[in-house]
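Thanks for coming, everyone. Please have a look at the model on the screen, and then I'll walk you through it.

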Amino acid sequence: MFTASPSKSRASGAMLTVGIVALTLTTAYIHFSLGGLLFLLNAAGYATAAVAIVLVAWAPHPFIARFSWLPRVGLIGYTLVTIVGYLLMGPYFTLGFIAKGVEVVLIGLLVVDILRVYGSRAGLLDAARASVFGPTTDTTVKA
């Protein structure tokens, strides 16, 4: 079985993070350029999420590492709400569909990043549970 070297894994993780941040800031810019309160608030939300992604990727503090799943999952949820809101409310125009395309790719990269870091959905759920409730100390013996 092939396993990546630590330096290659670190480089691919950094490239993935750069891609996530670039797409997040791209959709933030698109929304910012449209003007209007709703679009400006949406742009601010995306910009804040980009900062959070950078923070969990490169800040070595244990508290930040403990909750590193939160910005990833939060950005997926935020992006899904943005896509659904656009599809329900419109207005439908070319730049809007381009933004939705960027957001779909963003969700894909976030899913890849979650699988890279946590290994599976169960690994993500275990990390989230442990960060909120503390690590499980199951001492029962399973037969």
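**Helices, rings and salt bridges**

Pro-91 sits in the loop between α4 and α5 (94–118). Helices here are DSSP runs of H or I, at least four residues, and strands are runs of E, at least two, numbered from the N terminus. The peptide bond leading from Gly-90 into Pro-91 is cis, with omega near -5°. Gly-90 follows α4 and has a positive phi, near 70°. As background, most residues other than glycine have a negative phi, and most peptide bonds are trans.

Now the ground rules. This is a predicted model, where local features need pLDDT of at least 70, side-chain atom pairs count only at pLDDT 80 or more, and totals for chains, interfaces and linings use all residues. Residues are numbered from 1 along each chain as its sequence is written, and side-chain values use heavy atoms, with hydrogens and water left out.

Next, the overall layout. The protein chain has six helices and zero strands. Along the sequence, the pattern reads α-α-α-α-α-α. Of the 143 residues, 32% are buried. Buried means under 20% relative accessible area, exposed means over 50%, and partly exposed is in between, with a 1.4 Å probe and protein chains only. Take the contacts in the chain with a separation of 6 or more: residues 24 or more positions apart account for 70% of them. A contact is heavy atoms within 4.5 Å. The accessible surface comes to about 9100 Å², and carbon and sulfur atoms hold 75% of that. Those areas come from the Shrake-Rupley method with a 1.4 Å probe; for residues, only the protein chains shown count as cover.

Let's look at α4. It covers residues 69–89. What span should its 21 residues have, at 1.5 Å a residue? The answer is 30 Å, and the end C-alpha atoms are 30 Å apart, so the two agree. The expected span is 1.5 Å times one less than the number of residues. Its buried residues include Trp-69, Leu-75, Ile-76, Ile-83 and Tyr-86. Arg-72 is on that list too. Hold on to Arg-72.

α4 also has a surface side. Leu-38, Val-84, Leu-88 and Met-89 form a nonpolar patch, with about 470 Å² of accessible area together. Patches take residues with over 30% relative accessible area and no salt bridge; like charges are joined within 9 Å, and nonpolar side chains (Val, Leu, Ile, Met, Phe, Trp, Tyr) within 5 Å. α4 gives the most to this patch, with three residues. Met-89 belongs to α4. Its relative accessibility is 61%, so Met-89 counts as exposed.

On to the rings. Rings of Phe, Tyr and Trp (its six-membered ring) pair if their centres lie within 6.5 Å; planes under 30 degrees apart are stacked, over 60 edge-to-face, and the rest tilted. The count is six aromatic pairs. Phe-63 and Phe-67 make a tilted one, 5.1 Å centre to centre, with 55° between the planes. Phe-63 is exposed at 52%, while Phe-67 is partly exposed at 21%. Tyr-92 and Phe-97 are stacked, because their centres are 6.2 Å apart and their planes are at 20°. Tyr-92 is partly exposed, at 48%. Phe-97 is partly exposed as well, at 47%. Tyr-86, Tyr-92, Phe-93 and Phe-97 form one aromatic cluster.

Last, the charges. A salt bridge is a side-chain nitrogen of Lys or Arg within 4 Å of a carboxyl oxygen of Asp or Glu. We have four of them. Back to Arg-72: which residue does Arg-72 form a salt bridge with? It is Asp-113, with the closest N and O atoms 2.6 Å apart. That pair links distant parts of the chain, with Arg-72 in α4 and Asp-113 in α5, 41 residues apart. Both residues are buried. Arg-116 joins Arg-72 and Asp-113 in a network of salt bridges.

Lys-100 and Glu-103 are buried.

In α6 (residues 121–133), Asp-126 and Arg-129 are also three residues apart, about one turn. Their salt bridge is 3.0 Å, N to O. Asp-126 is partly exposed at 45%, and Arg-129 is partly exposed at 42%.

That's my tour. Over to you for questions.
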